[in-house]
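Work through the exercises below with the sequence and the 3D structure open. Try each task before reading its solution.

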Amino acid sequence: MTDFLATTSAGETAERLLAARYGDDAPAAAIVNDVTALLLGHRSVRAFLPDALPDGTIETLVAAAQSASTSSNLQAWSVVAVEDAAHKGHLASLAGNQDFIRQAPLFLVWLADFARLHRLADAQAAAVDGAAYTEAFILGVVDAALAAQNAVVALESLGLGTVYVGAVRNHPDEIARALAVPGHVFPVFGLAVGWPDPASPASVKPRLPQRAVLHRETYDPGPQADAASDYDATLKAFWRGQGLGRPPWTRQVVNRLRDSEALHGRDRIRDSLNRLGFPLR
């Protein structure tokens with residue numbers, strides 16, 4: 001792999017990537033190679049061409065996903081690939097009625113899956129009390145997230161675009177029925193996949209300054225207020241460049257968690273978890 005910081009033009013590439021991700025708060029230096037450049041250039045794509053995906057795309061993304069780390073090799077996740085237009089349309093109606101789900105040629109629903117492990121235990125007449133603990137559910141969610149992010153990196157390396165869909169959790173019981181999943185399986189999030197539409201290009205959205213998230217040796221809350229204020233300014237400039245007016249990030253995140261209405265039904269997830277086989281002891 002090429003180390004882009006080894007040459008002047010490479011240094012310019014690194015500076016551009018870091019400026020897009022952090023605005024004026026970009027770190028002074030970073031090691032940028034083919035892989036880290038791909039990661040720094042990630043953006044959520046919400047406009048797709050109708051073109052079909054290449055043969056082998058699903059198998060490739062699943063192979064990448066299965067190459068991710070998994071706790072104790074339990075591999076407590078599965079994914080449902082949905083390509084049928086009517087099926088995608090139904091899932092879209094349950095997941096915030098977002099048109100890009102219908103538009104994308106592929107919609108993936110990632111699952112925390114303990115049904116497979118329960119079947120293995122039943123075949124051995126073994127009790128698996130640990131599968132009912134909150135720890136098990138967290139494990140399944142983490143495994144699914146690690147797998148999905150591996151898939152996203154693989155897909156972006158092929159020139160495809162993706163966007164995660166947390167709105168799958170707005171109606172998890174209905175999503176579970178639509179996918180015919182058994183008990184002990186929970187739909188964690190969706191992922192729309194397709195060729196990005198060049199007529200509606202997606203931009204790299206700035207993130208918080210590193211001083212807001214990076215702590216050395218111990219947690220230090222000291223930089224948080226200034227970092228958040230600076231990020232408000234960075235994001236305001238980003239939205240202005242997109243021709244959009246948005247509230248400050250500091251207000252937006254508080255509003256997002258302020259009340260149950262803002263959560264779009266996700267305040268009732270624990271009830272859904274219980275019904276779908278996760279008692280969360």
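The exercises cover the cores, an annotated span, a surface patch, salt bridges and a loop residue.

The model is predicted, so local features need pLDDT of at least 70 and side-chain atom pairs count only at pLDDT 80 or more, while totals for chains, interfaces and linings use all residues. Residues are numbered from 1 along each chain as its sequence is written, and side-chain values use heavy atoms, with hydrogens and water left out.

**Exercise 1. Find the residues that touch the most other members of the largest nonpolar core.**

Solution. Start with the terms. A nonpolar core is a set of buried Ala, Val, Leu, Ile, Met, Phe, Trp, Tyr and Cys residues joined through side-chain atoms within 4.5 Å. Buried means under 20% relative accessible area, exposed over 50%, and partly exposed in between (1.4 Å probe, protein chains only). The largest core has 55 residues, and Phe107, Val109, Trp110, Val165 and Phe186 touch the most other members. Helix α7 (residues 134-157) gives the largest share of this core, 9 residues. Helices (H or I, at least four residues) and strands (E, at least two) are DSSP runs, numbered from the N terminus.

Next, take Val165. With neighbours within four places in sequence set aside, Val165 is in contact (heavy atoms within 4.5 Å) with Ala95, Gln98, Phe100, Ile101, Phe107, Phe189 and Gly190. Another core, of 7 residues, lies apart from the largest one and includes Leu17, Leu18, Val32 and Leu40.

**Exercise 2. Describe the span of residues 41-195.**

Solution. First, the record: an unreviewed UniProt entry annotates residues 41-195 as "domain: Nitroreductase". UniProt positions are given in the numbering used here, feature names are shortened, and annotations may be inferred rather than shown by experiment. Then the geometry: the end C-alpha atoms of the span lie 16 Å apart, and 43% of it is helix and 19% strand.

**Exercise 3. Which residues make a nonpolar surface patch of about 230 Å²?**

Solution. The patch is made by Ile138, Val142 and Leu146. Patches are made of residues with over 30% relative accessible area and no salt bridge; like charges are joined within 9 Å, and nonpolar side chains (Val, Leu, Ile, Met, Phe, Trp, Tyr) within 5 Å. Areas come from the Shrake-Rupley method with a 1.4 Å probe; for residues, only the protein chains shown count as cover. Now check one member: Leu146 is in helix α7, and Leu146 counts as partly exposed because its relative accessibility is 38%.

**Exercise 4. How many salt bridges does a search of the whole structure find?**

Solution. The search finds 7. A salt bridge is a side-chain nitrogen of Lys or Arg within 4 Å of a carboxyl oxygen of Asp or Glu. Two of them can be worked through.

1. Arg102 pairs with Asp99, with the closest N and O atoms 2.8 Å apart. Both lie in helix α5 (residues 99-103), 3 residues apart, about one turn of the helix. Arg102 is partly exposed at 32%, whereas Asp99 is exposed at 56%.
2. Arg275 pairs with Asp173 at 2.9 Å, N to O. This pair links distant parts of the chain, 102 residues apart: Arg275 is in helix α12 (residues 269-275) and Asp173 in helix α8 (residues 172-179). Arg275 is exposed at 56%, whereas Asp173 is buried at 12%.

**Exercise 5. Is Ala29 buried or exposed?**

Solution. Locate Ala29 in the loop between α1 (8-22) and α2 (34-40). Its relative accessible area is 64%, so Ala29 is exposed.
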